[in-house]
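Work through the exercises below with the structure open. Try each task before reading its solution.

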Amino acid sequence: MTKGRIHSYETFGTVDGPGIRFVLFTQGCPLRCRFCHNRDTWETGIGTEMTPDEVIDEYMKYKTYYETSGGGITVSGGEASLQADFVTEVFRLAKKNGVHTCLDTSGFVEIDKIKELLDYTDLVLLDLKHMDPERSKWLTGASSEKAMQLARYLDERNIPVWLRHVLIPGITDSRENLELMADFTASLNNVDRFEFLPYHVMGVPKWEQLGLEYSLKDVEPATKDDVEKAKKVFLDMGVDRFV
């Protein structure tokens, strides 16, 4: 039986898809985002092993209030697509039980490896890190091209998407970057909403606990005004699908 490596799970998630959700955080991530607030999820081969049946059993304990809120199950990470076979089986069982499924991904994935997974996916939360390839590599260890390819593929399959972007002052909030992101968003027909995630430093203690240096320690958290300015760039470009 397929087993997954799990970092943790949350039984009352309110920011990872519609409604109240059971959020499963898988272990392992191929990216190395400087702003990562879950630094302890990067390593593969560790974490608690769970079977898909065990995941669904945990979900079913709170099924009533998930359904009442219009929620469901979200698999996040780390990078959930690293364990595509496991997540596919979780979602297959979820759909068998009438549960709304949501995949939270960085998009750094080979599309062929998740085609079956997407057959059981109702919604994708997709991060766009930075539109400039070199800046993205500096910030995350990889270009955003794979995420953009995935976005186009999801558009072709008409799978609903919430695009997300971590707004980091002085790094990802330039007008040039935001205009490119707005233009890309406008080119897709399956984007239900675009969400700006204000950069914060709540994950810094995890880096310190692991004895690691946090390279963005001098960057101030994004404010509500920063988010409003970013939204205005999108509005100027004709994109208004915000949370």
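**Exercise 1.** With the side chain of which residue does the side chain of N177 make a polar contact?

*Solution.* The model is predicted: local features need pLDDT of at least 70, side-chain atom pairs count only at pLDDT 80 or more, and totals for chains, interfaces and linings use all residues. Residues are numbered from 1 along each chain as its sequence is written, and side-chain values use heavy atoms, with hydrogens and water left out.

Step 1. Find N177 in helix α7, residues 175–186. Helices (H or I, at least four residues) and strands (E, at least two) are DSSP runs, numbered from the N terminus.

Step 2. Look for a polar contact, a pair of N or O atoms within 3.5 Å; within protein, one must be able to donate a hydrogen and the other to accept it, and residues adjacent in sequence count only if both atoms are side-chain atoms. The partner is the side chain of H130, at 3.2 Å.

Step 3. List what N177 touches, leaving out residues up to four places away in sequence: H130, M131, D132, H165 and T172. Contact here means heavy atoms within 4.5 Å.

**Exercise 2.** Decide for N177 and for N158: buried or exposed?

*Solution.* Step 1. Take the cut-offs: buried is under 20% relative accessible area, exposed is over 50%, and partly exposed lies in between (1.4 Å probe, protein chains only).

Step 1. N177 has 2% relative accessibility, so N177 is buried.

Step 2. N158 has a relative accessible area of 57%, so N158 is exposed. N158 sits in the loop between α6 (145–157) and β7 (161–167).

**Exercise 3.** How many helices and strands does the protein chain have, and why does it count as compact?

*Solution.* Step 1. The protein chain has nine helices and eight strands.

Step 1. Its radius of gyration is 17 Å, close to the 18 Å from the globule rule for 243 residues, so the chain is as compact as a globular protein of that length. The radius is taken over C-alpha atoms, and the rule is 2.2 Å times the number of residues to the power 0.38.

Step 2. Buried residues make up 50% of the 243 residues.
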